[in-house]
Every structure is written in C-alpha cells, then in structure tokens.
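Open the model in your viewer and keep the selection tool at hand. Each stop below says what to select and what is there.

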Amino acid sequence: MGREDRFPVWEAALLAGVAAAFATGLVGVYLSMPHSDYSFLKLPRNLQELQILTDHLEDYTNDYTVQVLVGYCAVYIFMQTFMIPGTIFMSLLAGALFGQLGGVALVVFAATAGASSCYFLSKLIGKPLVFSLWPDKLGFFQKQVAKRREKLLNYMLFLRVTPTLPNTFINLASPIVDVPYHIFFLATFIGLIPAAYVTVRAGIALGDLSSLSDLYDTQSIALLFLIGIVSVTPTLLGKNEKQQGKASEVAASSS
C-alpha cells in the first residue's frame, strides 16, 4: 500500500477528537440529571425498544427539557456524523416526546447539523472511504453534479426528497464532487422537511405503529416523489431552453 493510501495519524486523531467532543457533551448531560437507573438509555434497534425508551423519557422531558434536548441532539448528530444507522428511530422519538411542530423542528435541525458535520469531516478525510465504498455511484454523482451546475440546488433538493441516492452517500460524497456547502445546507434543510414530517407524525402515534414499513405507505411515497419532481422541474426547463437556444443559433447560422 502506497504512503498516500494510508490512513494518516492526524486523521485518526481528528476522528477521535470529534467523537470525544460528543462523548463529553453526553457525559455533561448525564451528570446534570438526577440519580436514577438509566439502564433504559440505549439506541433503539426496533419499535419495542423505542417504546420502552419513550415511556421512560416522557417522565423526564417536562422537568429536564434542556437536558433531554441537548442529549437528543448530541446523539442524533453523532449518529449522522459517523454513519450509524437508526436515525429513523430518533425521528420517531422526537414526535413521541415533542409533538408535530417541535418534533419536525428538532429533527430537521439535528439532521442538518449532523449532515453538515459529516460533510466537513468527509471533506477533510473522507475521499479514500467514498472511493472504496461507492466508486461507480461516485462517478455517476459527479457527472450529474457537473451537468446540473447552474441549477444544482434543485437537483440536490430532488435527491434529498426522493430515495434516489442514500443520504449517507450524499453527505460523504458532496464535498468530494465539489457541491458548495451553501447549496448542500439549503438542500438538506429544506429537503428533509417532508420526510421528517412523515416520521414525526408516525411517532406521535407510536403505539399504533406495528412495523417501519407502515411509515411510508403508497400515498406518502407518491407525495415525496411529487415534491421531488417539482423541485427538479426548473432544471429540466432550463435545459430545454438551452437546447432550443442552440437550435435557433444553428438554424440562424445555416440560413
């Protein structure tokens, strides 16, 4: 393995430093809470574990709102930053604890912050990882970004709203294919609202949810794709206008 392919010590130190910062925040939250049995505090991996966590946290949310909010955001952002699966359960938890409006605002904030953290971390050290995990997908994404540079926000919105590409891939690959951060941020912040609304609404009625497949019924998926199509329409119209303009120029020059 060449020297350039190795994982430098400073990059490992950076990852450890970011993880330590999140851990310090969680420890601070833990120390500010009353003495009790917190064995229920673990990342839920199924709806049953999520229901148990929700039942316990409901008792603390009213009296220790700030601590619960800080702890929630730290965990969500950490999971997004380091690509840990399970954020859908965190979105459901937000709905169960904070209701529709508060839950959507919390999820969109935490998801955008986590995606931004992942973006900048990938910009520093993520290129070898993305190339090794998704070489073909990265090439496709790079070509699409280059083709849609003038209407890039619309294209990134389309990707965020629809399940065309995984969000984890978008977070990691965007800085590598030169998606500007302000475009990435706006597309993430706005594009995650529809999906956040769906999951938070389901979290409010968590007891009625039998499986994760119940989250996205045909109507919800169709709505997300409709929003995605609307977001990418300006790009398609701009492309057609360019083609028509070129055709007019060719016709004028040949006459």
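Select Met83. In this predicted model, Met83 is partly exposed, because its relative accessibility is 33%, and the class runs between under 20% for buried and over 50% for exposed. Met83 sits in the loop between helix 3 and helix 4. Check its backbone. Phi of Met83 is positive, about 60°, although the residue is not a glycine.

Step back to Phe82. Phe82 is also found in the loop between helix 3 (65-81) and helix 4. Is Phe82 buried, exposed or partly exposed? Its relative accessibility is 22%, so Phe82 counts as partly exposed. Phe82 and Leu121 are 39 residues apart in sequence. Their C-alpha atoms are 9.3 Å apart in space.

Jump to Asp178 for another positive phi. The phi of Asp178 is near 65°, and Asp178 is a residue other than glycine. Asp178 has its place in the loop between helix 8 (167-173) and helix 9. Asp178 counts as exposed, because its relative accessible area is 55%.

Next, select two helices together: helix 4, residues 87-125, and helix 9, residues 181-191. Two packed helices are described by the angle between their axes and the distance between the axes. Here the axes come within 9 Å and cross at roughly 150°. Angles over 145 degrees count as roughly antiparallel, so helix 4 and helix 9 are roughly antiparallel to each other. The crossing of helix 4 past helix 9 is right-handed.

Which residues make the contact? Show side chains on both helices.

- On helix 4, select Val108, Thr112, Ala115, Ser116, Tyr119 and Phe120.
- On helix 9, select Tyr181, Phe184, Phe185, Thr188 and Phe189.

Colour this set by residue type. Eight of the residues in the contact of helix 4 with helix 9 are nonpolar, three are polar and none is charged.

Move on to Leu209. Leu209 lies in the loop between helix 10 (193-204) and helix 11 (218-254). Is Leu209 buried or exposed? Leu209 has a relative accessible area of 15%, so it is buried. What does Leu209 touch, leaving out residues up to four places away in sequence? Its contacts are Leu47, Leu92, Asp214 and Leu215. Take Leu47 from that list and draw a distance line. Leu209 and Leu47 are 162 residues apart in sequence, yet 8.0 Å apart in space, C-alpha to C-alpha.

Now pick out two cysteines. Cys73 has a relative accessible area of 13%, so Cys73 is buried. Cys118 is also buried, because its relative accessibility is 1%. How many disulfides does the structure hold? The count is zero.

The protein has 11 helices and zero strands. From the N terminus on, the elements run α-α-α-α-α-α-α-α-α-α-α. Colour by accessibility. Of the 255 residues in the protein, 41% are buried.

Methods. Residues are numbered from 1 along each chain as its sequence is written. This is a predicted model: local features need pLDDT of at least 70, side-chain atom pairs count only at pLDDT 80 or more; totals for chains, interfaces and linings use all residues. Side-chain values use heavy atoms; hydrogens and water are left out. A disulfide is a pair of cysteine sulfur atoms within 2.5 Å. Buried means under 20% relative accessible area, exposed over 50%, partly exposed in between (1.4 Å probe, protein chains only). Axes are lines fitted to C-alpha atoms, for helices over the stretch in contact, and angles run from 0 to 180 degrees between N-to-C directions. Helices (H or I, at least four residues) and strands (E, at least two) are DSSP runs, numbered from the N terminus. Angles under 35 degrees count as roughly parallel, over 145 as roughly antiparallel, 65 to 115 as roughly perpendicular and the rest as oblique. A crossing is left-handed if the near helix is turned anticlockwise from the far one by less than a right angle, and right-handed if clockwise. Contact means heavy atoms within 4.5 Å. Ala, Val, Leu, Ile, Met, Phe, Trp, Tyr, Cys and Pro count as nonpolar, Asp, Glu, Lys and Arg as charged, and the others, Gly among them, as polar.
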